[in-house]
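Please look through the sequence and the structure shown below, and then read the notes that follow with both at hand. The notes begin with a single residue and go on, topic by topic, to larger parts.

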Number of protein chains: 2
Amino acid sequence: MYRTHTCGELRIAQQGQEVTLAGWIQSVRKFGSITFADLRDRYGITQLLFGEELNQQLDQQPLGREFVVQAKGTVTERTNKNPNIPTGDIEINITSFTVLNKSAVPPFTIQDETDGGDDLRMKYRYLDLRRNIVKKNLELRFAVAKAAREYLNNNHFMDIETPFLIKSTPEGARDFVVPSRMNPGQFYALPQSPQTFKQLLMVSGYDRYYQITKCFRDEDLRADRQPEFTQIDCEMSFVEQEDILNMFEGMVKHIFKAVKNIDYTEPVARMTWEDAMWQYGNDKPDIRFGMQLLNIKSAFTLNNELPAKGQLLEGTDFKVFNDAETVIAIAVPGCAEYTRKQTDELTDWVKRPQIGMQGLVYIKCTAGENGAISYKSSVDKFFNEQQLGAIATAAGAKAGDLVLILAGREERTRKAASELRLEMGERLGFRKKDEFKLLWVMDFPLFEYAEDDNRWVARHHPFTAPKPSHIQTMIDNDPVIHDAAKYLEHPYNHIKANAYDMVLNGNEIGGGSIRIFQRELQEKMFAALGMSKEEALHKFGFLLGAFEYGAPPHGGIAFGFDRTCAILGGSESIRDFIAFPKNNSGRDVMLDAPASIDDKQLDELSIKLDVK
Amino acid sequence: MYRTHTCGELRIAQQGQEVTLAGWIQSVRKFGSITFADLRDRYGITQLLFGEELNQQLDQQPLGREFVVQAKGTVTERTNKNPNIPTGDIEINITSFTVLNKSAVPPFTIQDETDGGDDLRMKYRYLDLRRNIVKKNLELRFAVAKAAREYLNNNHFMDIETPFLIKSTPEGARDFVVPSRMNPGQFYALPQSPQTFKQLLMVSGYDRYYQITKCFRDEDLRADRQPEFTQIDCEMSFVEQEDILNMFEGMVKHIFKAVKNIDYTEPVARMTWEDAMWQYGNDKPDIRFGMQLLNIKSAFTLNNELPAKGQLLEGTDFKVFNDAETVIAIAVPGCAEYTRKQTDELTDWVKRPQIGMQGLVYIKCTAGENGAISYKSSVDKFFNEQQLGAIATAAGAKAGDLVLILAGREERTRKAASELRLEMGERLGFRKKDEFKLLWVMDFPLFEYAEDDNRWVARHHPFTAPKPSHIQTMIDNDPVIHDAAKYLEHPYNHIKANAYDMVLNGNEIGGGSIRIFQRELQEKMFAALGMSKEEALHKFGFLLGAFEYGAPPHGGIAFGFDRTCAILGGSESIRDFIAFPKNNSGRDVMLDAPASIDDKQLDELSIKLDVK
């Protein structure tokens, strides 16, 4: 027995007890002939007191930071109690100790505020993981997984493992592949998700499936992407969209309660994709705050479907607005008093290459006498105060607000306005880390136009069903786009999917859909994506086959587990919630992987290097 | 809402209720103007009754096997109750129904006793998974995972995910590798186990870790091997071997209770590896029955360490025995009356190439008058009755027993005797599927001699610690084997490991060890296995580095999850307990994977095919 108690366990109630602890030396403080040391383990920190006699032993065998020590002694009441830690009332009066293992001086301090940079901490990740702040992240991750399993188990979902060595069917992201030694010249692929397998399980009758599982995508890594990531993957049979939304809104609320002790009692808000794009400029709005976008250009169109929301620019002659595809206004509360320096800084902000705007127009809405509001703007030359007032009012501005206006090409301007809204929300403290707002975004387009190939791609994935009322449109029309310039008018551009994303604080944490479950419709979908019959059969013959033997109606959802944990932990970085993450080049710098392999291995796998 | 109830839910108590069910048509029986159909889902089977009016609709739209149907109707008491199913007291008097999806005629019957062969069932695995017998297996698998998680969570183990894209460090089995597109010419490897990561987590202070995770080994497949398999992987810090044995014996007992409702109250039996080899001829004895092996050759040696167990052949002159390295006797209870035909058949059995013996000697122990036993044997010419009696008695034979004796080269004979013992145990009904006997096998040799390379290989893995009393032997001696002929005498041949296997009914279900946690000893181990310092640093530098920063004493175990489930399910085949298994060529015949990939993919990965 290496220990009788952990370092987080002992209290004044155990006073007088003989105990043995084991852990790491966090710090050592010498006062004359006695020495105090903090001993740390996963559960906490306990103070050790080495009296005069043992001090001589310490002189011979000094305890360094991160030494692994086993110490026996008596639980004693402390003179200087430490109210900040649970064991702060006691210390252990040490009678004997053993150094179980020494430690070199760590390359950075094992503390929440460490002096170690990112690269160093990743190289010595096993030391970084000792820091309390990182441990809390992994504990939260474990708690989320436990809560998810608990909810799903209680709701009769079955955890079923699906294979990792599958078949490469690239559509969308790139597959990681695995050469097969036993089948020379052939390759397995690692799953981008268990999508087709969970659908097969529905065909097999396992009507509620889940799995918390690794998925793999060989994509160029952005800051917050990992080549391997974890999904909470779920599927249900004999359900409509409403059943799925209810079930998984319940799961997320259960996780909130279990992990954050938050009673999220109100129903999760819902918004169509079109409203999200129109009012927030993106498909994952952060609804912790308002500041919705106002499209003030007449005849603004989005996918040719949305009505004009205003005619506010009629009769004005500001060329920048009149020539722009889109003009978007945002009312920022309480910022009418911004100085010239502040508005200049904001203008510079929107001109940065990441945002890419030409400039920023503002209207200051200042409370005047008798409750009137005066409007001053950076374009006073072109607009009279009445026109400015109309725009500001339409944007929802009140006295004391600042209206910011962007103009330019439609897509870029919408994106810039979305970013500007988030930035101002951040600056004004509207994006609180401890406030959680869920949102279902629904009714996504089924297809997206791929300019390069002049064809349709699946917005979600090729297994997503159209809205029931749009199935006939899909069946009746030829998917081929004969005139690329008029793709917006193609009937396929108007087909909506039975798909839904769950958004938390402006981040997509889950997404899913009702699936196609009829062979003919699935074949039509593959054809719409430009697959020949042969290609569809080669890639997805097993699924098309399965649909012939009594496939039930089904649908599901997958949650990004890493991201969900990060947001619940109040962080934007998923890396902080992964025990052994990879860097932005897909490397594990601790392992130094990937690495070259032996010629013998290459030879056995019937492959050669071909590095250009 | 597709259904109000499942097909396993309704009872007589719901009589009169209007319900909607959805599921698959198991069978249809027409009686004059009414039709009965069995509707099946994951939860059970409910009988549907279609009256006269609906029968006309059925004539137009006949229900075939495996059609997916939604049916509304009234719960009604059945005339002919079926006591064999929980819903057998009721049927649903159908008022309307919808065919949600049709089904082609399945290639085999969806029943426990199916007419489908192995290959057909694997190709249509999604239909095979519909069979109740397969569903029960996957349900058991889920129950085992749930029970394991429950126990480990309650005992403060933390589920921590370790990476799948790691570094290739082949030692023992072959790695599956994954070419890295972003790092041309370099490869990730898929983990054979999370071994080094869980050790790093111990260094990081997460003193109780577990994970139920996939592992990968690119080995030539034997009947019961899969290229991807699942482990319950566990590790603990500040523990000695005894702590680990107690903890995981607790886990397996918890699983027994939760899954099989078995109270396994007695302590798990323990046996040294040497005793297992001596008494059972293998390292995973099935102790549900006795029939232990008796080595009757004088001066029999095993690893030069075991004492002679008898001098039973002294003074006899049967050349077959006297010339053999080993002579082993087994007393088979109650088989003294075996006919010539039966003993001939047994002789043929041991002569099969898989067993490879030259012949079989028997002694029949027949009860005579006055309680005496007479001994008759197939080698009466060479042994008198007193000698036969001595051998039979030493083997534990009683009146009515049959003693079987094998002779030959040591290793082969021991293996043959082990197989013969299991075969006779099977034939005599001693290996009951519903009886479960656990056993810890301990004190394995640390090293095994690899003849081909004239070097030591790690019997468990290179991270296993020697017994504390053997550490000095390892440090003090040069691992190089200067005289291959005398490897048995090398000090390393006598070093025992702090390792243990858990054996269930003659199958190894788990194995683990106390680990090395000091850099110097780990370096000595790598050197003993023939690794140069550079190679050791290249492959395991991260682990050696971690051991410099305060590594705690630690150890762990990994359970073969697939096999554990199979044995609990009373089967020897792990394939029956995997949703989507691969065949013996590592192929998924349903997916038709592995498969060739595009030239574009190869090109992006900087590799070329090199098939000879």
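In this predicted model, Asp175(A) is buried and yet has no salt bridge, since the nearest side chain of opposite charge, that of Arg217(A), is 7.9 Å away, whereas a salt bridge needs a nitrogen and an oxygen within 4 Å of each other. The residue belongs to the loop of chain A that runs between strand 6 (158–159) and strand 7 (177–179).

**Around Asp175(A)**

- The side chain of Asp175(A) does have polar partners, one of them being the side chain of Gln192(A), which it meets in a polar contact of 2.7 Å.
- A polar atom of the Asp175(A) side chain also lies 3.1 Å from the backbone nitrogen of Thr169(A).
- When neighbours within four places in sequence are left aside, the residues in contact with Asp175(A) include Ser168(A), Pro170(A), Leu190(A) and Asp218(A), and also Gln601(B) from the other chain.

**Chain A as a whole**

- Chain A holds 16 helices and 23 strands, and its C-alpha trace spans about 90 × 80 × 55 Å along the principal axes.
- Of the 612 residues in chain A, 58% are buried.
- Among the contacts in chain A that join residues at least 6 apart in sequence, 68% are between residues at least 24 apart.

**Where chain A meets chain B**

- In the interface, 126 residues of chain A are in contact with 126 residues of chain B, and the two chains bury about 11100 Å² between them, with 59% of that area on carbon and sulfur atoms.
- Between chain A and chain B there are 69 residue pairs in polar contact, counting pairs with both residues at pLDDT 80 or more.
- Helix 4 (residues 132–154) of chain A gives the largest share of the side of chain A that touches chain B, namely nine residues.
- The salt bridges between chain A and chain B number 14, and one of these joins the side chains of Lys612(B) and Asp603(A), with 2.4 Å from N to O.
- Lys612(B) is exposed, because its relative accessible area is 74%, and its side chain also meets that of Asp610(B) in a salt bridge of 3.4 Å, N to O.

- Helix 7 (residues 273–280) of chain A is mostly covered, as seven of its eight residues are buried, among them Trp273(A), Met277(A), Trp278(A) and Tyr280(A).
- These buried residues pack against strand 11 (269–272), strand 12 (294–295), helix 11 (410–427) and strand 17 (438–442) of chain A.
- Just after helix 7 of chain A comes Gly281(A), which takes a positive phi of about 80°.
- In chain B, Asp283(B) sits in the loop between helix 7 (273–280) and strand 12 (294–295), and its side chain makes a polar contact of 2.9 Å with the side chain of Arg459(B).
- Apart from its neighbours within four places in sequence, Asp283(B) is in contact with residues including Trp273(B), Met277(B), Phe444(B) and Val503(B).
- Glu314(B) lies in the loop between strand 12 and helix 8 (319–323) of chain B, and Glu314(B) counts as exposed because its relative accessibility is 57%.

**Salt bridges within a chain**

- Over all chains, the count comes to 101 salt bridges.
- Asp159(B) forms a salt bridge with Arg149(B), and their closest N and O atoms are 3.1 Å apart.
- Because Asp159(B) lies in strand 6 (residues 158–159) of chain B and Arg149(B) in helix 4 (residues 132–154) of chain B, the pair ties together parts that are 10 residues apart in sequence.
- Both partners are buried, Asp159(B) at 14% relative accessibility and Arg149(B) with a relative accessible area of 10%.
- In chain A, the side chains of Arg587(A) and Asp592(A) meet in a salt bridge of 3.0 Å, N to O; here Arg587(A) counts as buried at 16% relative accessibility, while Asp592(A) is partly exposed at 41%.
- A network of salt bridges links Asp118(A), Arg121(A), Arg125(A), Asp128(A), Arg131(A) and Arg575(A).

Terms used
Residues numbered from 1 in each chain as written. Chains lettered and ligands numbered in written order. Predicted model: local features only at pLDDT ≥ 70, side-chain atom pairs only at ≥ 80, totals over all residues. Heavy atoms only, no water. Helix = DSSP H or I, 4+ residues; strand = E, 2+ residues; numbered from the N terminus. Buried < 20%, exposed > 50% of the residue type's maximum accessible area, 1.4 Å probe, protein only. Lys, Arg positive; Asp, Glu negative; His and termini not counted. Polar contact = N/O pair within 3.5 Å; in protein donor to acceptor, adjacent residues only side chain to side chain. Contact = heavy atoms within 4.5 Å. Buried area = accessible area lost by both parts, 1.4 Å probe.
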